[in-house]
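The stops below run in order.

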Amino acid sequence: MVVSSLIRPGERLVSFDEFRESVSDAFVPLEMTSADHDDFRGVVRGATVGAIRISEVTAAPHVIRRTPRTIRTANPDYFKLGLQVRGSCVLSQDGRAAALAPGDFAIYDTTRPYQLSFDDRFRMLVVMFPRHLLRVPPDGIAQLTARRVPGSRGLGAVVTPLLRGLGEQIADASPTVAVHLGDAVLDLVAAAFAEQLHLADGLIQQSRGNALRVRVTAFIDERLADRELDLHSIATAHHISVRHLQKIFEADGDTVSGWIRRRRLEQCRRDLADPRYRDLPVSAIGARWGFADAAHFSRLFKNTHGSTPGRYRADATPVTGSTRPTR
């Protein structure tokens with residue numbers, strides 16, 4: 001089965017064995033089977049945008065599996081979002097199966113087994129990113145894997161064309177632009193899945209409690225750089241008690257201070273990956289987002305992102321055209 005009609009100018013088709021190796025290198029260790037090894041052809045192209053890896057996979061029919069054995073081989077803490085561009089796919093995880101047509105997307109978790117089945121030649125855009133970057137409550141994530149998000153309505157109709165355009169242009173974007181594009185993608189993806197959670201629960205309109213949380217989190221985001229931001233100032237601004245404020249976040253298994261800390265660390269991560277701030281000391285980046293103690297900031301950042309702020313900045317490669325990144 002050839003896929004020449006789906007290949008971009010200048011791309012080189014590779015054999016089954018080469019493709020299987022390149023897929024595992026680009027993402028996480030995977031098992032792959034195909035009914036026709038001899039005639040199989042495919043290609044993987046991609047770019048890294050800050051903490052996000054965006055790849056386009058074009059290939060003949062096959063089945064990809066993330067199994068307990070491959071998870072034991074390497075188990076990085078990632079989510080993957082698969083956007084169907086051409087052809088179709090069935091994604092299975094957590095006892096659910098999502099049938100994806102062109103324009104549809106779904107999310108899956110690399111820390112648990114999953115399977116993607118392609119019955120015909122196809123093209124898929126895959127966005128891979130650390131799980132902690134998706135700002136959706138932990139109990140909500142369990143409801144999201146292998147659920148089809150249609151690209152024809154709701155926020156899916158916004159996310160789909162953005163992702164497709166990003167896949168086309170990201171390799172040519174400047175490092176600064178690429179970092180902000182990656183951040184915008186995560187924010188829109190989080191919004192799309194938050195919408196799915198409300199629909200799944202039958203909540204077409206937000207409850208009063210949810211609406212208040214939205215206002216509170218927006219208030220926090222506008223004042224992340226303010227070192228005086230705390231529970232009392234937030235509660236006072238919204239005319240509620242501190243205990244009421246805490247209950248709003250506890251309903252999602254979260255805390256106010258935990259939310260503030262994660263949002264500040266995320267802003268720091270974005271600045272560290274942004275070439276415009278390369279000459280700004282790491283301690284200054286922490287301070288501008290409310291972390292007055294440089295050592296404390298470094299410990300928090302390392303606990304969240306797995307490396308110190310300085311190492312994260314040194315390792316950041318906003319854009320690379322390599323199709324075979326280090327695992």
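Buried means under 20% relative accessible area, exposed over 50%, and partly exposed in between, with a 1.4 Å probe and protein chains only. This is a predicted model: local features need pLDDT of at least 70, side-chain atom pairs count only at pLDDT 80 or more, and totals for chains, interfaces and linings use all residues. Residues are numbered from 1 along each chain as its sequence is written, and side-chain values use heavy atoms, with hydrogens and water left out.

**Stop 1**

Select C268. Its relative accessible area is 0%, so C268 is buried. Now select C89. C89 is buried too, because its relative accessible area is 2%. How many disulfides does a search of the whole structure find? The search returns 0, a disulfide being a pair of cysteine sulfur atoms within 2.5 Å.

**Stop 2: helix α1**

Switch to cartoon view. Helices (H or I, at least four residues) and strands (E, at least two) are DSSP runs, numbered from the N terminus. Select residues 16-26, which form helix α1. Its buried residues are F16, F19, S22, V23, S24, D25 and A26. Show their neighbours, counting a contact as heavy atoms within 4.5 Å. The buried residues of α1 pack against β1 (31-33), β2, β3, β4 (62-66) and β10.

**Stop 3: E56 and its arginines**

Side chains of opposite charge can pair when their charged atoms come close. The salt bridges here are a side-chain nitrogen of Lys or Arg within 4 Å of a carboxyl oxygen of Asp or Glu. A search of the whole structure finds 17 of them.

Select E56 and R45. Their side chains form a salt bridge, 3.4 Å from N to O. E56 sits in strand β3 (residues 52-59) and R45 in strand β2 (residues 42-49), 11 residues apart. E56 is buried because its relative accessibility is 6%. R45, at 25%, is therefore partly exposed.

Is R123 buried or exposed? Its relative accessibility is 9%, so R123 counts as buried.

Stay in strand β3 and select T58. T58 has a relative accessible area of 1%, so T58 is buried. The T58 side chain makes a polar contact with the side chain of R123 at 3.3 Å. A polar contact is a pair of N or O atoms within 3.5 Å; within protein, one must be able to donate a hydrogen and the other to accept it, and residues adjacent in sequence count only if both atoms are side-chain atoms.

**Stop 4**

Select R112 and D94. Their side chains meet in a salt bridge of 2.5 Å, N to O. R112 is in the loop between β8 (105-109) and β9 (114-118), while D94 is in the loop between β6 (89-93) and β7 (96-100), 18 residues apart. R112 is partly exposed because its relative accessibility is 26%. D94 is partly exposed at 35%.

**Stop 5: helix α11**

Select residues 294-305, helix α11. The helix has 12 residues and reaches 16 Å from its first C-alpha to its last, close to the 16 Å expected at 1.5 Å a residue. The expected span is 1.5 Å times one less than the number of residues.

Which residues of α11 are buried? They are F297, L300, F301 and H305. Look down the axis: the buried residues of α11 fall within an arc of 105°, so they line one face of the helix. The arc is that of the directions from the helix axis to the C-beta atoms. R299 and N303 are exposed on the other side of α11. The buried residues pack against α9 (256-273), α10 (282-288) and α12 (309-315).

Check both ends. D293 caps the N-terminal end of α11, with a side-chain oxygen 3.0 Å from the backbone nitrogen of A295. G306 follows α11 and has a positive phi, near 85°.

Finish on H305. H305 is buried because its relative accessible area is 18%. Not counting residues up to four places away in sequence, H305 touches H132, L133, L265, E266 and R269.
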